[in-house]
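Please open the model in your viewer and keep the selection tool at hand.

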Amino acid sequence: DFKELGEQRPKLIGSKKPKLMKAKKYVAITTCSTAQFKYWNRPNGWQEVVNYLNSKGYKVVNIGKQPNNLRDVVDYTGQRDFDDLQNVIQNASFFIGLPSGLAWLSWALGKKSVMISGISENFCEFQEDMYRVENLSVCHGCFNDPGFTFDKGDWLYCPSHKNTAKHFECSKEI
């Protein structure tokens with residue numbers, strides 16, 4: 001019961017392997033998820049973040065299954081062993097991602113996380129050690145709207161604005 005117990009972080013045994021990333025200070029990011037409406041759809045947004053982090057002396061390690069065209073990152077995308085993903089996240093300075101499994105893994109490992117999200121309401125995601133980035137002045141939170149049923153077969157699912165100029169505005173406007 002969440003009201004009685006509050007947020008309960010699972011207890012994970014982290015990776016026992018030596019640190020996989022040799023950079024002294026780095027940030028782990030993931031730019032992909034299981035549906036386009038979970039992505040950060042701002043054009044060039046991820047590259048701007050990478051450029052900023054690099055200017056502050058961080059290496060950026062891009063994790064997740066799908067590769068992308070980001071420049072100046074360590075590309076650690078593709079099919080990876082779970083223990084290796086844990087290792088990369090637990091040794092990072094912090095994590096930046098989307099409402100996805102890797103964000104929840106970061107939280108379970110006790111890592112400070114930045115979550116970029118337009119589809120879910122604040123209460124739907126973990127709260128502790130998380131900085132949430134969202135734009136509340138546009139359509140947002142459809143994932144928690146009981147009037148909509150997520151269509152898993154529709155990669156471009158957007159219940160309110162599909163095929164309009166406002167398609168994915170919840171994340172384009174972040």
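Which residues lie nearest the centre of the largest pocket? Select Ser33, Thr34, Ser100, Gly101 and Leu102, which lie nearest the centre among the 22 lining residues. This is a predicted model, in which local features need pLDDT of at least 70 and side-chain atom pairs pLDDT 80 or more, while totals for chains, interfaces and linings use all residues. Residues are numbered from 1 along each chain as its sequence is written, and side-chain values use heavy atoms, with hydrogens and water left out.

A pocket here is an open set of points on a 1 Å grid over the protein atoms alone, where a 1.4 Å probe fits, with protein on both sides within 12 Å along at least five of seven lines; lining residues have an atom within 4 Å of a point. The largest pocket holds about 400 Å³ of space, the volume being that filled by probe spheres set on the points, which are joined across faces, edges and corners.

Next, select helix α4 (residues 101-108), a source of three lining residues and the largest share of that lining. Helices are DSSP runs (H or I, at least four residues), numbered from the N terminus.

Finally, select cysteine 142 and cysteine 170. The count of disulfides (pairs of cysteine sulfur atoms within 2.5 Å) is zero. Cysteine 142 has its nearest cysteine sulfur, that of cysteine 170, 5.8 Å away.

Technical notes
Helices (H or I, at least four residues) and strands (E, at least two) are DSSP runs, numbered from the N terminus.
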